[in-house]
Amino acid sequence: MTELHSTSVGPPVAHHFEDFEQEHEANMLGMWAFLATEVLFFGAVFVAFYIYRSAYADIFKEASRHLYMSIGAINTVVLLTSSLTVALAVHAGEHKARRLMVGLMVATLVLGLAFLGFKAFEYYLDYQEHLVPAFNFAWEGANPAQTQLFFVFYFIMTLVHALHMIIGISVLARMIWQARRGSYDQDSTAVELFGLYWHFVDIVWIFLFPTLYLLRQ
Amino acid sequence: MTQQTSQPTSERTAHQAPALRTYYLIFLALMLLLALTVAVSFVDLGAFNELIALAIAAVKAVLVILFFMHVRYSSRLTWVFAAAGFVWLLIMVGWTFSDYLSRGWMR
């Protein structure tokens, strides 16, 4: 642990920072630098998807119609709501409302789990319809190979997104436990950093939903 | 650096954040945009389906970044960091598709 020192304003900061404001900014920039790498990580998969989609437009549209758009839409509502609850949790943290912040963090956790639950149910339906590539894929219609490629993208993109959700939920569960003990009473920067990550995972879904579910016409 | 005056501890966070009302309004806007994008997906508009779906997604993402992620209220340096990933992504998208979409066998 780095040595802390007190400044005239705010909680103690690490010795290499002038004041809380500077430390806070450095924390935010660090998270944004990480998120920039995530933008490119997911961005590359989106670019690959749209290259194949422009090559096999009609086949990908037909495949897209076999996804459960209603479940995708419900999950979008769930995730957007969780983004609101996490934003409100950050707000509560900055206003030193510990109980409210913990409540909103729990709400975010529940919504995150609900998302994963809906997604798992959807995967189960996909499995029943023999749409899982390299596992039980069976396609009666034309162009099975290109159709399977669509579902390869669908599963890889949604699974990598779900992995980010699982990581986020795990971190959040630990943070709720810490928050209950008052660890963020003086300095809620950690909650704010978590919020940035959670919002980013939401943004990935904001693009995944239309990309996979809505481009059917 | 010397602090000129000692501020009350309740105002330790000089960095700004939106009012609660703003969060609710942004959430409402996100829900309306979601309803809009789902509605548009039922109408056949040709190539405009893709354009509209991605434009709405981009607007939603910008709303989340500016307000939920506080970039609207952050320093210029934060703007640069937040934009960096997307700028490089646009370069990847632009150069990749200027190649693929100009090939005769893609359409």
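In the predicted model, the C-alpha centres of domain 1 and domain 2 of chain B lie 20 Å apart. The domain assignment places domain 1 of chain B at residues 18–73 and domain 2 at residues 75–107. Confidence in chain B averages a pLDDT of 86, and 83% of its residues score at least 70. Among the elements of this chain, helix α1 (residues 20–40) of chain B has the highest mean pLDDT, 97, whereas the lowest, 94, belongs to helix α3 (residues 76–100) of chain B. Over residues 1–13 of chain B, by contrast, pLDDT stays under 50, and the model has nine contacts beyond four places in sequence for this segment. Where pLDDT is low, predicted coordinates should not be read in detail. For the model as a whole, the scores are ipTM 0.93 and pTM 0.91.

The secondary structure of chain A consists of six helices and two strands. From the N terminus on, these elements follow the order β-β-α-α-α-α-α-α. Taken along the principal axes, the C-alpha atoms of chain A fill a box of roughly 70 × 30 × 30 Å. Chain A has 217 residues, of which 40% count as buried. Of the contacts in chain A with a separation of 6 or more, 66% join residues 24 or more positions apart.

The contact between the chains takes 42 residues from chain A and 47 residues from chain B. On the side of chain A that touches chain B, the elements giving two or more residues are α1 (20–55), α3 (69–94) and α6 of chain A. The largest share of that side, 17 residues, is contributed by α1(A). By residue class, the side of chain A that touches chain B divides into 26 nonpolar, 10 polar and six charged residues.

The largest nonpolar core comprises 75 residues, and the members that touch the most others are A:A89, A:M101, A:M105 and A:V204. Helix α6 (residues 189–214) of chain A supplies the largest share of this core, 17 residues. Leaving aside neighbours within four places in sequence, A:M101 is in contact with A:A89, A:A92, A:G93, A:A179 and A:V191.

Just after α4(A), A:H130 adopts a positive phi of about 55 degrees.

A further position of note in chain A is A:Y56, placed in the loop between α1 and α2 (57–64) of chain A. Although A:Y56 and A:Q146 are 90 residues apart in sequence, their C-alpha atoms are 7.3 Å apart in space.

Conventions. Residues are numbered from 1 along each chain as its sequence is written. Chains are lettered from A and ligands numbered from 1 in the order in which they are written. This is a predicted model: local features need pLDDT of at least 70, side-chain atom pairs count only at pLDDT 80 or more; totals for chains, interfaces and linings use all residues. A nonpolar core is a set of buried Ala, Val, Leu, Ile, Met, Phe, Trp, Tyr and Cys residues joined through C-beta atoms within 7 Å. A residue is buried if 20 or more other C-beta atoms lie within 10 Å of its own, exposed if 12 or fewer, and partly exposed in between; C-beta atoms are placed from the backbone. Helices (H or I, at least four residues) and strands (E, at least two) are DSSP runs, numbered from the N terminus. Two residues are in contact if their C-beta atoms, placed from the backbone, lie within 7 Å. Domain bounds come from an automatic or database domain assignment. pLDDT is the predictor's confidence in each residue, from 0 to 100. Ala, Val, Leu, Ile, Met, Phe, Trp, Tyr, Cys and Pro count as nonpolar, Asp, Glu, Lys and Arg as charged, and the others, Gly among them, as polar.
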